[in-house]
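Here is a guided walk through one protein model. Please keep the sequence and the 3D view open as you read.

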Amino acid sequence: MFAKARRIRAVSWEELPLSMLLLAALLATGIVCGYLFAGNCAAETGEELGRYFEGYFLLASQDDLSAAAVLRTLVCFFRAPLLVFLLGFASIGVLLIPLLCAFEGFLFSFSLFCFASTLGRESFLLLLALFAVRMLFVLPCTLILSVQALDKARSLALFSIGNGKRVRPVSYGTDYWYRFGICCVCLLIGSVLELWLVPQFLALAAS
């Protein structure tokens, strides 16, 4: 037991997979681009976001949770992680997975800063309620699944280019499915938390 405990140690930056650093950099690039693009579109989207929040506050005041709201929340949480997981079974994932990570960062950043410019600095708690749960669950799960999916997609691409010669066939071990299952559980927990917490915060802010 103590021998196993000694093996547990912090992982340095040098030991992190290169694919993880690359995908994290693309995710950060998407976040920066979303911030810049939101600043340019703030004037055009202000009125639309104002109408959106009026409708959102009205829904938040209702006690019943509609099936459409549940489905919409599940789609927002599972969309990107499920896509990158499936792209791990295709060689085209070598190109699409990095693009998807960058787009996911852009989408979160663009939405956040558009809302921030519309509601103002005094709406920090409201913005935290809207985006904190989703960012804490969706972005890490997307990054974790992207790393392993990109590795499998790269192996598939090399296998296809070499026509199977001098390259071992791609195998999807239990770790691949285990990580996906753990991420699905985390995303489901995040979805439940958002469906439970966000309407309460919005109703409090509306009052």
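This is a predicted model: local features need pLDDT of at least 70, side-chain atom pairs count only at pLDDT 80 or more; totals for chains, interfaces and linings use all residues.

Residues are numbered from 1 along each chain as its sequence is written, and side-chain values use heavy atoms, with hydrogens and water left out.

Start inside. A nonpolar core here is a set of buried Ala, Val, Leu, Ile, Met, Phe, Trp, Tyr and Cys residues joined through side-chain atoms within 4.5 Å. Buried means under 20% relative accessible area, exposed means over 50%, and partly exposed lies in between (1.4 Å probe, protein chains only). The largest core has 24 residues. Leu-23, Phe-77, Ile-97, Val-138, Leu-145 and Leu-187 touch the most other members. Two or more residues come from each of helix H2 (18–60), helix H3 (67–87), helix H4 (93–119), H5 and H6. Helices are DSSP runs of H or I with at least four residues, strands are runs of E with at least two, and both are numbered from the N terminus. H5 gives the largest share of this core, ten residues. A second, separate core has six residues, including Phe-115, Leu-126, Leu-127 and Leu-130. In soluble globular proteins, nonpolar side chains tend to be buried together.

Zoom in on Val-138. Leaving out residues up to four places away in sequence, Val-138 touches Cys-76, Phe-77, Pro-81, Glu-104, Phe-108 and Leu-187. Contact means heavy atoms within 4.5 Å.

Now turn to charge. How many salt bridges does a search of the whole structure find? It finds two. The term means a side-chain nitrogen of Lys or Arg within 4 Å of a carboxyl oxygen of Asp or Glu. One joins the side chains of Arg-134 and Glu-194, at 2.2 Å from N to O. Arg-134 lies in helix H5 (residues 124–161) and Glu-194 in helix H6 (residues 174–206), so this pair ties together parts that are 60 residues apart in sequence. Glu-194 is buried, at 5% relative accessible area.

The other bridge pairs Arg-154 with Asp-151, at 3.0 Å from N to O. These two are three residues apart in helix H5, so about one helical turn separates them. Arg-154 is partly exposed at 35%, and Asp-151 is partly exposed at 34%.

Finish with the rings. The whole structure holds 13 aromatic pairs. Rings of Phe, Tyr and Trp (its six-membered ring) pair if their centres lie within 6.5 Å; planes under 30 degrees apart count as stacked, over 60 as edge-to-face and the rest as tilted. Phe-89 and Tyr-172 are stacked, with 4.5 Å between centres and 25° between planes. Phe-89 sits in the loop between H3 and H4, and Tyr-172 in the loop between H5 and H6, 83 residues apart. Phe-89 is partly exposed at 34%. Tyr-172 is partly exposed at 22%.

Phe-89 also pairs with Trp-177. Their centres are 5.8 Å apart and their planes are at 45°, so this pair is tilted. Trp-177 lies in helix H6, 88 residues from Phe-89. Trp-177 is partly exposed at 44%. Ring pairs link Phe-85, Phe-89, Tyr-172, Tyr-176, Trp-177 and Phe-180 into a cluster.
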